[in-house]
Amino acid sequence: MGLYMCNKTCVSIKMLKGKTALITGASRGIGKAIAIEFARNNADVIINYYNDKDEAEAAVDDVKKYGVKSMAVQADVSNFDEVKRMAAIIQKNFEKINILVNNAGIVKDRTLKKMTMQEWHAVINTNLNGVFHVTKAILPLMRDGGRIISISSIIGLYGNFGQCNYAAAKAGIIGFTKSLAKELGKKKITVNAVAPGFVKTSITKNMPLFRKKVINYMTPLKEEAEPEDIANVVAFLASDKARYVTGAVINVDGGLAF
Ligand code: NAP
């Protein structure tokens with residue numbers, strides 16, 4: 001998706017020109033890579049974050065290097081009141097949203113036997129209820145069609161040891177996506193999910209080396225994804241080129257899950 005250089009001069013390409021995008025959890029990792037890819041394609045980008053204001057402001061600075069409008073808005077996606085406040089701020093500053101990326105997510109891994117209620121609810125509230133909250137609050141700002149893209153996971157399709165909470169939330173996103181695609185098709189709003197495999201971010205940073213080696217061995221492409229590998233697919237789904245794709249779940253996993 002393109003040629004670019006960004007030391008002092010950032011060259012943008014125009015696939016998302018005139019669009020405004022909200023990306024949840026965009027202060028780092030996959031969300032930040034999506035924000036930069038969108039900006040490189042000329043979209044204005046709102047960076048949602050929860051805790052780390054400095055990281056979020058740094059992401060805004062990186063996005064602005066492409067000559068687009070950007071701002072960081074703090075909100076805990078698991079809290080509907082905070083999400084409604086975020087939507088009001090966005091409406092005041094940007095008026096409309098064309099693209100929503102539900103990316104914010106956490107892990108609290110533990111076998112079911114040892115999993116606490118807090119660990120179960122924290123993951124469901126952020127990773128699944130958060131998608132409902134943000135989509136519900138942002139939908140009224142989406143006029144003349146739009147794009148809703150949610151970051152699921154191959155764990156939502158296939159499950160994983162020690163991740164009942166995470167797998168349930170990520171599988172829930174897939175059901176949500178397919179149902180909402182049926183509801184919003186007539187408004188020319190497409191709704192899709194992306195299911196990454198293992199991506200080099202802070203979520204996977206502390207995974208034991210042995211486990212990483214096993215995963216890479218099982219992955220046909222023999223390496224973990226970079227956040228940009230996910231961002232490229234999300235940018236395609238966000239563009240006009242994907243106008244006839246809806247209700248889809250696209251695996252970006254180096255072939256791990258086929
Ligand atoms: P990450 O580096 O840990 O980044 C997570 C982002 O989510 C941060 O910006 C964080 O903001 C934000 N966030 C966390 N809780 C939030 C909340 N309650 N409200 C708003 N924002 C919140 O994670 P990542 O690896 O990029 O993951 C991004 C998405 O991809 C997640 O949904 C994850 O499940 C999914 N995914 C990741 C992988 C992988 O291998 N990394 C694989 C499949 C799917 P603060 O720092 O400000 O709290």
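Where is the place of Thr-201? I found Thr-201 in the loop between strand E6 (189-196) and helix H7 (202-205). I note that the model is a predicted one.

**Entry: Thr-201.** I checked its accessibility next. Thr-201 has a relative accessible area of 17%. The cut-off for buried is under 20%, so Thr-201 counts as buried. I then listed contacts, skipping neighbours within four places in sequence. Thr-201 is in contact with Gly-29, Ile-30 and Pro-227.

**Entry: Ala-21.** I moved to strand E1, residues 20-23, which holds Ala-21. Ala-21 is buried, at a relative accessible area of 0%. Which residues does Ala-21 touch, not counting those up to four places away in sequence? I got Phe-38, Asp-44, Val-45, Ile-46, Ile-97 and Ile-99.

**Entry: salt bridges.** How many salt bridges does the structure hold? I have eight. I looked up three of them.

The side chains of Asp-62 and Lys-32 form a salt bridge at 3.3 Å, N to O. Asp-62 sits in helix H2 and Lys-32 in helix H1 (residues 29-40), so this pair ties together parts 30 residues apart in sequence. Is Asp-62 buried or partly exposed? At 22% relative accessibility, Asp-62 is partly exposed. Lys-32 is partly exposed too, with a relative accessible area of 22%.

Arg-40 and Glu-37 meet through their side chains at 2.7 Å, N to O. These two residues are three apart in helix H1, so about one helical turn separates them. I logged both Arg-40 and Glu-37 as buried.

Glu-119 and Arg-110 make a salt bridge at 2.4 Å, N to O. Glu-119 is buried at 9% relative accessibility. Arg-110 is partly exposed, with a relative accessible area of 37%.

**Entry: surface charge.** Which residues form the negative surface patch? I wrote down Asp-52, Asp-54, Glu-57 and Asp-61. Asp-52 lies in the loop between strand E2 (44-49) and helix H2 (53-64). Its relative accessible area is 31%, so I list Asp-52 as partly exposed.

Key
Residues are numbered from 1 along each chain as its sequence is written. This is a predicted model: local features need pLDDT of at least 70, side-chain atom pairs count only at pLDDT 80 or more; totals for chains, interfaces and linings use all residues. Side-chain values use heavy atoms; hydrogens and water are left out. Helices (H or I, at least four residues) and strands (E, at least two) are DSSP runs, numbered from the N terminus. Buried means under 20% relative accessible area, exposed over 50%, partly exposed in between (1.4 Å probe, protein chains only). Contact means heavy atoms within 4.5 Å. Patches are made of residues with over 30% relative accessible area and no salt bridge: like charges are joined within 9 Å, nonpolar side chains (Val, Leu, Ile, Met, Phe, Trp, Tyr) within 5 Å. Accessible areas come from the Shrake-Rupley method with a 1.4 Å probe; for residues, only the protein chains shown count as cover. A salt bridge is a side-chain nitrogen of Lys or Arg within 4 Å of a carboxyl oxygen of Asp or Glu. Lys and Arg count as positive and Asp and Glu as negative; His and the chain ends are not counted. The place of a charge is taken as NZ of Lys, CZ of Arg, CG of Asp or CD of Glu.
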